[in-house]
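Subject: The structure for you to look at

Hi there,

Here is the structure I promised to pass on. Please open it alongside this email, and then read on for what turned up.

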Amino acid sequence: MSPVLAGVLQLLALMVALALAYRPLGDYMARVYSSPRHLRAEKWIYRVIGADPAIEMRWPAYLRGVLAFSVIGVLFLYLLQRVQGGLPGSLGFASIDPDQAFNTAASFVSNTNWQSYYGEQAMGHVVQTGGLAVQNFLSAAVGMAVAVALVRGFARSRTGELGNFWSDLVRGTVRILLPISVIGALVLVACGAIQNFAGIHEVGQFTGGSQQWNGGAVASQEVIKELGTNGGGYFNANAAHPFENPNGISNLFEIFLILLIPFAMTRTFGRMVGSLRQGYAILVAMLTIWLGFTALMMWTEFHHGGPAFEIAGGALEGKETRFGIGGSSIFAVATTLTSTGAVNSFLSSYTGFGGGIALLGMQLGEIAPGGVGSGLYGMLIMAVIAVFIAGLMVGRTPEYLGKKIGGRQIKFAACYILITPALVLCFTAVAMALPTPGHSMTNSGPHGFSEILYAYTSGANNNGSAFAGLNADTQWFNTTIGLAMLLGRFVPMVFVLALAGSLAEQRPVPETAGTLRTEKPLFSGVLVGTIVIVAGLTYFPALALGPLAEGLAS
Amino acid sequence: MTTRTIQEDAMSSTTPARAPHSDVPTGHKPDDGRVGGGLFDPTQLLRSFPEAIRKLDPRVMVSSPVMFVVLIGSVMSTVLAALHPGDWFGWAVAAWLWLTTIFANLAEAVAEGRGKAQADTLRKAKTDTVARRVIGVHEERVPGTELRVGDLVVCEAGDIIPGDGDVVEGVASVDESAITGESAPVIRESGGDRSAVTGGTKVLSDRIVIKITTKPGETFIDRMIALVEGAARQKTPNEIALNILLASLTIVFLLAVVTLQPFAVYAGQRQPVIVLIALLVCLIPTTIGALLSAIGIAGMDRLVQRNVLAMSGRAVEAAGDVSTLLLDKTGTITLGNRQAAEFVPVKGVTEAELADAAQLSSLADETPEGRSIVVLAKEKYGLRERHQGELAGAEWVAFTAQTRMSGVDLVEDGAGRKVRKGAAGSVVAWAEERGGPVSEDTRGLTAAISEAGGTPLLVALEDAAGARVLGVIHLKDVVKEGMRERFDELRRMGIKTVMITGDNPLTARAIAEEAGVDDFLAEATPEDKMALIRREQAGGKLVAMTGDGTNDAPALAQADVGVAMNTGTSAAKEAGNMVDLDSNPTKLIEIVGIGKQLLITRGALTTFSIANDVAKYFAIIPAMFAVVYPSLDKLNIMRLSSPESAILSAVIFNALIIVALVPLALRGVRYRPMSADRMLRRNLGIYGLGGLIAPFIGIKIIDLLLSLIPGIG
């Protein structure tokens, strides 16, 4: 079987699996967030944290919940790393430096999972499992909660109430993320991923010398790393490491986990707003971009010319032979079009265009399908912008799902789309202008620039994947990327919730023949066009000086 | 809104206050002597140039964030060019940036200029008037500007009415052409719904006493001047929303350009600041930014062209969103008057006999109904219209509102013959008075016609054989031609039409079905109308209506778009947010179209503006970096001749496209009623795809022309 065919078949298998899970999971999640009943375990949790899940929150209260919870998360994770040296089960690793501890705490709480540390050389069992893996669940549940709040903003009328943050947070974790993770971890273990609390083994190498391997609760962390679109690997090599991702099957399963919830949330959305077709329209827009990017990535990686590439059957440098070019390309697109950032191959070694596709994928705002929750709300924000422009073109004050898109709504949506480009471009520009950050680059020329552009793009968009090559464990990068991650996660959430509040207060406008039909394929097309043009125009100059200059040169 | 009884029609025929136009509703009047049509005159550009320069004031420019950035860019590039006076490129860019700014102002100035011309016409009407103020029994002459609310003034034939008010005494014919452009005089009289007079109009005959209702300076004509000049213009909600979006895009591009310099330095090719400014101006949405306010002004202006005054731009926008139209039956859906449709004889009488009697008895009836009977008799039964003089010895009984009958007493061959036609009750009484029995048959026919939504008129005869009823004339409301198509069209646009009538439900249903409206409100009182509006609004719908009576005022105020007829009372005009100077209720449909067109134009040009950026990147980015990264020259797909020429071509295109689109902004994107889906597809095709492709061609052409200039190519 040719590698190209293998890649295409993997893609088809993945799509079938996703299609099978779409309806049951989407409907289940809608029920989870709509049900009036509480599980016994949940009631117990509410008592412990002292929250009343019956209280309906307006958007400022909901936001306060999100922020308070996340601040506590950052502080806890920071402290845990700072005292690691004194904790049992730390494999003898020292406490983490303040700047790196801040970066890591910000990274995991913001669902980014940018890692400036080497997992197997810095983090012991307690921090990995009790700190990082816990945040993998919670940060994902926070994203889902905010998305659900926005959906409620569309679905509800003449109330400002968006639900209860604590209830959404707990339910997302207990009823959605945990059960799937348990099953997923078993599948990964069956594939050969490790799951233990073993210590450090010293292993001799064939070429002489020795290597240190440590065990850990890897499979359980791996599953939520993908399912919660987190991306932080137990080991530095991330999903390229055989303990995390042993073979082609586990690779495909991990991609499935990455895309599972983000795609299915469009069904949840359709259910909750009372029109499945509205959800499908969003799904079609996501699928179009995802498939388009995957096709482009496979094309550029397989097609790449030159004698060495022809012998290898494409750009195989930096990729694992057990995944091949197809399995690596699909993974790379899935991970950068969601906020995952897990990697099973060395993105820096991708072709110039390949690196550019990964970069642009993040720059679209990670909405196709995007992170758990964040993908849906990011997409809905773009839908608001698209509805505004397209709605004008049909001669009515634009409305989406029966809600008028007026000055207030556009203000929140516009602020949302301003945040990440501002963070990415400003931090990159300052880093390029200052003398020292440039020392972290491994390469010169456009590729070197791509390393830094990639780092901030990944951080501000809460992706967390690294272009590799860049030595990010410096005070400058730890601090600035840490800030980019926190601002890139929580400032947009402010606008999402404010928008949700303003929508929930409105009274619905009845649909007429003069209303823009947002459940039609035409609108999905407009949405895709808006996303690609807005992001493309924003980043074109920067991309031209990085991946484009590099890709066009070959 | 009220049932027009025959009596009312009779009255209206004696006091012909200008009847609603009953021309085919699709067409607006081509030219009624008012300021220009919708066509764009290129010389306007030249004439508006000085005004465009005046608008360069930063305090004015700041209201458009996009163009304000261009203004700053123009100033900066001029300073930079001055620092390197030998650099032709810097001067060229600076000059074109200034032109970009000026073109934007020009668009606005041209749009305003059209209103100014109109305002001048109005001002002529507002020449200083001398009012004859009545104090007790005395009269004093004071300047019109010194009148206060509540003053009584006298106007006689030839006088200009000094201010807005209501007629409290007398009847006069008034020439309102100064405001409406309509030269036929109208009747204004005390009491009722035709008492309002407008300052600046001229009394042609008779004498009236007017109670002044507005302060000088706040009169209708003053407000009109302010409106058409755009002085009272405020940004509408949708315009504000669009401005926010444009501002945020401007910030995004500002960031993209400002941060480009460090990247360029790293790449080894520091960019001249003037090039960065050129890039920024090309990227920010200048096309829509430049034309946005012109589009708004032109939208109002298009209404003015159709003799509709919108009191706020908000109302125009709301018109585009309207989903329920309340239309008065009379004058909007049906012709103002009922017409005879058939003659139904009682048993023992032939249709021809009845037709003959009906015609005879209607000859003395000058009301439209009466005329229609004569016409029907002629068309259907070939009965030649007889003239009153032809019949010797005839004694004509003219129709009056009191008797509600008309007829003739003939003496033929020595025998007397009396024929009467009129309202059922009157004719029955007349016949019974003369001992004539009224058969069950008659009552049955009368009831049947009423149930079918018609109005029965009876024809009776008294001759040697005694008095008897011959039959019934079926009077029907005649639905205007083309209304059904019009309502179908509205339905496709998602607009529900509700017919408002004072008729009974049976009549209303019959007419509603014939006209094809979606719903009707029968026996409507002002309270019913109000309740209907509230109900629709509670469902999230926007409601538009027309009205003219004082009792319409609350509903006009409640409706999202309330169009008051100029013939109406001042209370109605005060309550509505638009005034139709032609007093044509059918125009409501056009107003909705104009509202939609306004929004479509904004959306289309925004799409066009953003789509344009793609080509500009392909022109400018290779020009900036192809030296240090030769691979980027592959992006130069237009094969532009040199970096300078490429950048300059993009800047020039960016400036010229504004001027090229001014006519479109003023005229509005062509709008035809169709479903939202088709409209979106069409506009995306033209303005989205067109916006993507057009600049590639335009920039290439400009580059070809520039390369002919020695030293550039």
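A salt bridge, as the term is used here, is a side-chain nitrogen of Lys or Arg within 4 Å of a carboxyl oxygen of Asp or Glu. With that rule, a search of the whole structure gives 47 salt bridges over all chains. Please keep in mind that this is a predicted model.

One of these salt bridges sits within chain B, where the side chains of Asp151(B) and Arg133(B) come together with an N to O distance of 2.9 Å. This pair connects distant parts of the chain, 18 residues apart: Arg133(B) belongs to strand E1 (residues 130-135), while Asp151(B) is in the loop between strand E2 (138-143) and strand E3 (152-156) of chain B.

Now to the place where the two chains meet. Chain A contributes 59 residues to the contact and chain B contributes 57 residues. Together the chains bury about 5,000 Å², with 76% of that on carbon and sulfur atoms. On the chain B side, Phe263(B), Tyr266(B) and Leu680(B) lose the most area to chain A, and together they make up 14% of what that side buries.

How many salt bridges are there between chain B and chain A? The count is 1. It is formed by Asp677(B) and Lys520(A), whose closest N and O atoms are 3.1 Å apart. There are also 11 residue pairs in polar contact between the two chains. Several helices of chain B give two or more residues to the side that touches chain A, including H9 (237-258), H10 (260-267) and H25 (676-708). Which helix gives the most? That is H23(B), with 13 residues. By type, this side of chain B divides into 33 nonpolar, 14 polar and 10 charged residues.

What kinds of residues line the largest cavity? They divide into 14 nonpolar, 10 polar and 2 charged.

Happy exploring, and do write back with any questions!

Best wishes

Methods. Residues numbered from 1 in each chain as written. Chains lettered and ligands numbered in written order. Predicted model: local features only at pLDDT ≥ 70, side-chain atom pairs only at ≥ 80, totals over all residues. Heavy atoms only, no water. Nonpolar A, V, L, I, M, F, W, Y, C, P; charged D, E, K, R; others polar. Contact = heavy atoms within 4.5 Å. Buried area = accessible area lost by both parts, 1.4 Å probe. Polar contact = N/O pair within 3.5 Å; in protein donor to acceptor, adjacent residues only side chain to side chain. Helix = DSSP H or I, 4+ residues; strand = E, 2+ residues; numbered from the N terminus.
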